[in-house]
Amino acid sequence: VGSKWAGVIEPLQVLCLVGAIQSIGTTFSSIFISLGRADLHFKTGLANSVIDVVGFIICIRWGLMGLVKGYLVTTAFFFCIICFVAMRLINLPIINFFKSLKIPTLATCIMYITLLGFRFLEMSYIQMSLCLNLVTSVVLGVLVYSGSIFFLMENSQRNELTGLLFR
């Protein structure tokens, strides 16, 4: 991409972690809404905004990296709070919630390692255009992630999914 973009790599890496946390955290809003607790959805959203703004004000003095790292901290902090509230509402032990993330997390790691291997091969031996590399990486990532999920799930879930797909 070029050396002029090198300065955005680290902030984007941190923001990817923020996005990963937020993508899981969106399930909590669904819990609040489905239980008829729009008030909690509103209150937690408001509290999250206040925490983020305070974090930005505090962390801006350390520049862009201070800002995005502060955003990561406030996001993780608020995630813990909202997770606790949501799990209490549905009487689900928090450990069970995190156990449910085991297979997707493992599948993500398998996909990541596969894509790192592909990138090494592409850089060392294959040499393809950026566009073809992107398309190939996306297709490979989707196939590896989906296949990993399929083979990591329990037999009963796999049989049910197979039955749904091949009726």
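1. Phe28 is in contact (heavy atoms within 4.5 Å) with Phe79, Ile82, Cys83, Ala86, Met87 and Phe97, leaving aside its neighbours within four places in sequence. The model is predicted: local features need pLDDT of at least 70 and side-chain atom pairs count only at pLDDT 80 or more, while totals for chains, interfaces and linings use all residues. Residues are numbered from 1 along each chain as its sequence is written, and side-chain values use heavy atoms, with hydrogens and water left out.

2. Phe28 belongs to the largest nonpolar core, which has 11 residues and also includes Ile31, Leu40 and Phe78. Such a core is a set of buried Ala, Val, Leu, Ile, Met, Phe, Trp, Tyr and Cys residues joined through side-chain atoms within 4.5 Å; buried means under 20% relative accessible area, exposed over 50%, and partly exposed in between (1.4 Å probe, protein chains only). Helices H1 (9-34) and H3 are the elements that give two or more residues to this core, and H3 supplies the largest share, 6 residues. Helices are DSSP runs of H or I with at least four residues, numbered from the N terminus.

3. Val54 lies in helix H2 (residues 38-59) and is partly exposed, with a relative accessible area of 43%.

4. Asn91 lies in the loop between helix H3 (63-89) and helix H4 (94-99). Its phi is positive, at about 55°, although Asn91 is not a glycine. Most residues other than glycine have a negative phi. Asn91 is exposed, with a relative accessible area of 69%.
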